Amino acid sequence: IAAINAKGGVLGRQLTIVTADTKSDPAQGTNAAIEVLEQGAEMVMVTCDFDFGAAAALQATSMGKVTFSSCAGDPKFGVQGIGPLAYTMSLGTPAQGATLAEWAYKEKGWRKVYVEMDSMVEYFKSLCANFKIRWRELGGEIVGEDVYNFAEIKTFDGQVTRMKASKDKDFVFLCAATFDGPALIKQARAAGENTPILASESMDGAFWLEAIPNLSDFYLSVYGSMFGNDPNPRINDYVARFTAMHGEAPITAHSMTGYSLVEAWVIAAERAGSFDADAIRQELDKFNNEDLLVGLTTFTPDLHINLFRGMQMMEVQNGIHAPLMRYTAEKVPP
């Protein structure tokens, strides 16, 4: 927004931000949406996740405003689950799951996986389901599975015991996030379970490594490296500008999806020559490999989530993040 305003804004107007706090309670999403619309919002950005952002998105779209989630990965955030004015800047979980399965199988040569899933939100369930579809298509074997609900457990004793008992695995595929994954990983490593772990962008960031300072053999996919070492210089420039503005680097690459949803909305508004939501929707639905910071972005009238964008694969060795390669799935489950 700062960069856009420095160039004159959008259609002669400067952009400003208005906010409302849902307090991480989906039930408060409806009121939060009404609150920002009453403050004059032309576009609404809701909480990243489908479960936590859907109520606000349903309210905002019902009141005729284009609504973005920065990084909801479940495909229900869009036309099918919210409505034709709802978009997400995320790579959808069918593509995330396929990307991780293909990379593990083709680049690492792994063949046997143990799947660990938190069932707390739709993102984890969709991610794991699509990973398993693609993994089996490739010929990979699932040697064990475990499911827990983080809202219902206090320790990971059972999960770690069962994980260790599965001796015939090449790696663990973890469908979790930074609110539960670090504790599980820490407990597993402390118990001597040193099998490589593969996770998605929901485990992005180095802040949680304080709990496991020398973590190794951990791999994940992200939108870009926030450590100034991304192979794409445009991302490194973004990290430098963000750091100069905020005094610290982005905590995770999810900040890129926030950046790019504003990019997308502004491009569509300028092409439409209007702030009218339906006119902006028509322009967004024409996006075909639009070159945004977060990556090439495509929308159609029926699909308001990306399924064919690559992800940056990262490894963590001795507590240090390093980029490996940008990988794009060859085949994505429907």
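**A guided reading of the predicted protein chain**

The protein chain contains 10 helices and 12 strands, where helices (H or I, at least four residues) and strands (E, at least two) are DSSP runs numbered from the N terminus. Its radius of gyration is 20 Å, close to the 20 Å that the globule rule gives for 334 residues, so the chain is as compact as a globular protein of that length. That radius is taken over C-alpha atoms, and the globule rule is 2.2 Å times the number of residues to the power 0.38. This is a predicted model, in which local features need pLDDT of at least 70 and side-chain atom pairs count only at pLDDT 80 or more, while totals for chains, interfaces and linings use all residues. Residues are numbered from 1 along each chain as its sequence is written, and side-chain values use heavy atoms, with hydrogens and water left out.

Along the principal axes, the C-alpha atoms of the protein chain fill a box of roughly 60 × 40 × 35 Å. Of the 334 residues, 54% count as buried; buried means under 20% relative accessible area, exposed over 50%, and partly exposed in between (1.4 Å probe, protein chains only). The chain exposes about 14000 Å², of which carbon and sulfur atoms supply 52%. Accessible areas come from the Shrake-Rupley method with a 1.4 Å probe, and for residues only the protein chains shown count as cover. Among contacts between residues at least 6 apart in sequence, 64% join residues at least 24 apart, a contact being heavy atoms within 4.5 Å. The chain carries 28 positive and 41 negative side chains, and the centres of the two sets lie 4 Å apart. In this count Lys and Arg are positive and Asp and Glu negative, with His and the chain ends not counted; each charge is placed at NZ of Lys, CZ of Arg, CG of Asp or CD of Glu.

The loop between α1 (2-6) and α2 (29-38) holds K23, and T19 is also found in the loop between α1 and α2. T19 counts as exposed at 57% relative accessibility. Leaving aside neighbours within four places in sequence, T19 is in contact with E35, V36 and Q39. The C-alpha atoms of T19 and V36 are separated by 6.0 Å, although the two residues are 17 apart along the chain. K23 is exposed as well, with a relative accessible area of 57%, and has a positive phi of about 55° although it is not a glycine. Most residues other than glycine have a negative phi.

Strand β1 (residues 43-46) and β2 pair in the parallel sense over 4 bridges; two strands pair if DSSP finds at least two bridges between them. Within this pairing, the bridge partner of V44 in β2 is T67. In strand β2 (residues 66-69), V66 and F68 point one way and T67 and S69 the other way, and all are buried. In a regular strand the side chains alternate between the two faces of the sheet.

Helix α5 (residues 122-138) includes E122, and L138 is found in helix α5 too. E122 counts as partly exposed at 23% relative accessibility. Not counting residues up to four places away in sequence, E122 touches F50, D51, D74 and K76. E122 and P75 are 47 residues apart in sequence and 9.8 Å apart in space, C-alpha to C-alpha. L138, by contrast, is buried, with a relative accessible area of 15%. With residues up to four places away in sequence not counted, L138 touches A101, E102, Y105 and K106. From L138 to S225, 87 residues apart in sequence, the C-alpha to C-alpha distance is 28 Å.

E193 lies in the loop between α7 (181-190) and β7 (197-199). Despite this loop position, E193 counts as buried at 6% relative accessibility. Its contacts, leaving aside neighbours within four places in sequence, are with M163, K164, K169 and A188. M163 is 30 residues from E193 along the chain, and their C-alpha atoms are separated by 7.8 Å.

Strand β11 (residues 311-317) and strand β12 (residues 320-327) pair in the antiparallel sense over 7 bridges. The bridge partner of V316 in β12 is H321. The hairpin of β11 and β12 has 2 residues between the strands, and N318 there takes a positive phi near 50°. N318 is not a glycine, and it is exposed, with a relative accessible area of 56%.
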